[in-house]
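Me: I have a model open and want to learn how to read it. Can we take it one feature at a time?

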Amino acid sequence: MACGISPYSRCVRWHFGCGHNGKLLFFLIYLIQVVSGQVRYSIPEEMKKGSLIGNVAQDLGLDLKRLRSGRARIVTGENIQYTELKTDKGILVVKERIDREQLCGDETPCSFSFEMILENPMELHQITILIQDQNDNPPQVLYPVQTGGSLVAEMVPRSADVGYLVTKVVAVDVDSGQNAWLSYKLQKATDRALFEVGLQNGEIRTIRQVTDKDAVKQRLTIIVEDNGQPSRSATVIVNVVVADSFPEVLSEFTDFTQDKEYNDNLTFYLVLALAVVSFLFITCLVVIISVKIYRWRQSRIMCHSNLPVIPYYPPRYSDTLGTGTLQHVYNYEVCRTTDSRKSDCKFGRAGSQNVLIMDPSSTGTMQRIQSEKSILDEPDSPLEVIDLSDHANH
């Protein structure tokens, strides 16, 4: 027992000695001996963070006290830890979003494993997570290449027979299983009686003889759809030119590009015009409503205000009693509403009872208190009534 470990250590020493390699091998054998159980879970990809994977304590026959006393923890060799152990509840939850395509690529089935370690005594439980593929990726069209700056057109000679292969749509789906099964359908065509597309292989072929009456420019819209639930799809546009010579193809190709640019510009300007008209209409509507509300509030304030209306008289203003229709020493308040029948007029009290009375035959002035009634009773008086305020200004 040179190594001082166990009788088995002599076999280890005989092969490897008591150095680092011997200790490593013994540790590996020890780990194999302490493995107590294993559990396997199957979950879909793209689960939200915090989603429940399984009850580890219940599935392994452990109680919560053992998880806490043994300081249960997860050990994994991956850089990203996708799961998290809740020792207070004994459950395993999702810690990071799991993308099957990123984790496994084309490998099927897709899974990853890790260990849960408990101390005092040492226990090692292996946990395996199987990732189920979800239809989270749409098909990708590889050919024809869909580019915004250039246009690709296929040429079909006018002498083409029935079943002539025009081109083939090539697409792939990064999902696995039935989610990656693709089907091809012809959605729109300039002449649906001239072309067809293979449901499984995406081949575009003629279904009748090409004639001189067929349009030179043909446009096919094909949908590529996967078999997932719910299904996802992609759209590809195939341009076909029915011509016998290459120069004719070039001319038609130029027409295709010009038509596409014209349609794009027309759509842009139509949308821009609609946006401008809508903005101006809404702005005018808001302004009109604001003006209406402002006028309504002003009329309400004027009719319900208790403040007297003080008239303004120009400097050196005076009115001879009896010569005018109304005396300037009175205040008049006129309130109008939107309904003219409800308009009214309020007569206020005399602006002041103190007036200066000047006799034209004398050179002096005198101040006396005269009531509103006495003034009205003497319309033919030669006296001039002057407001004290005007007098003070002089």
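**Reading the model**

Me: How does Arg-73 count by relative accessibility?

Reply: Sort residues by relative accessible area: under 20% is buried, over 50% is exposed, and partly exposed lies in between (1.4 Å probe, protein chains only). Arg-73 has 37% relative accessibility, so it counts as partly exposed. This is a predicted model, in which local features need pLDDT of at least 70 and side-chain atom pairs count only at pLDDT 80 or more, while totals for chains, interfaces and linings use all residues. Residues are numbered from 1 along each chain as its sequence is written, and side-chain values use heavy atoms, leaving out hydrogens and water.

Me: With which residue does Arg-73 form a salt bridge?

Reply: Look for a side-chain nitrogen of Lys or Arg within 4 Å of a carboxyl oxygen of Asp or Glu. Here Arg-73 pairs with Glu-119, and their closest N and O atoms are 3.0 Å apart. The two sit in distant parts of the chain, 46 residues apart: Arg-73 in strand E3, Glu-119 in the loop between E6 and E7. Strands are DSSP runs of E, at least two residues long, and helices are runs of H or I, at least four; both are numbered from the N terminus.

Me: Is Glu-119 buried or exposed?

Reply: Glu-119 counts as buried, because its relative accessibility is 15%.

Me: How many salt bridges does the structure hold?

Reply: There are twelve. One of them joins the side chains of Glu-84 and Lys-86, at 3.7 Å from N to O. Glu-84 has a relative accessible area of 30%, so it is partly exposed. Lys-86, at 32%, is partly exposed too. Another salt bridge brings Glu-225 to Lys-185, at 3.5 Å from N to O. That pair also spans distant parts of the chain: Glu-225 lies in strand E15 (217-226), Lys-185 in strand E12, and 40 residues separate them. Glu-225 counts as partly exposed because its relative accessibility is 21%. Lys-185 is partly exposed at 44%. Some salt bridges share partners: Arg-71, Arg-73 and Glu-119 form one network that way.

Me: Back to E3. To which strand is E3 joined by bridges?

Reply: Two strands pair if DSSP finds at least two bridges between them. Three bridges link E3 to strand E6 (residues 110-118), and the two run antiparallel. Val-75, in E3 (residues 73-75), has Glu-115 as its bridge partner in E6. E6 also pairs with strand E7 (residues 123-132), antiparallel, over nine bridges. In that pairing Ile-117 has Leu-124 as its partner. Four residues lie between the strands of this hairpin, and Asn-120 takes a positive phi near 50 degrees.

Me: Which residues are in contact with Val-75, leaving aside its neighbours in sequence?

Reply: Contact means heavy atoms within 4.5 Å. Beyond four places in sequence, Val-75 is in contact with Phe-114, Glu-115 and Ile-117. At 35% relative accessibility, Val-75 is partly exposed.

Me: What does Thr-83 touch?

Reply: Not counting residues up to four places away in sequence, Thr-83 touches Ile-53, Ile-74, Leu-92, Val-93, Lys-95, Phe-112 and Phe-114. Thr-83 is in strand E4 (residues 83-86). It is buried, because its relative accessible area is 2%.

Me: What is the order of the open sheet of three strands?

Reply: The order is E2-E5-E4, with antiparallel pairing. E2 (52-55) and E4 are the edge strands, each pairing on one side only. E4 joins strand E5 (residues 91-94) through four bridges. Lys-86 has Ile-91 as its partner there.

Me: And what is the order of the open sheet of four strands?

Reply: It reads E9-E16-E15-E12, with mixed pairing. At the edges are E9 (153-156) and E12 (182-189). E9 and E16 (residues 233-242) run parallel, joined by four bridges. Ala-153 stands opposite Asn-239 in E16.

Me: What are the totals for helices and strands of the protein?

Reply: The protein has eight helices and 22 strands. Of its 394 residues, 30% count as buried. Among contacts with a separation of 6 or more, 60% come from residues 24 or more positions apart.
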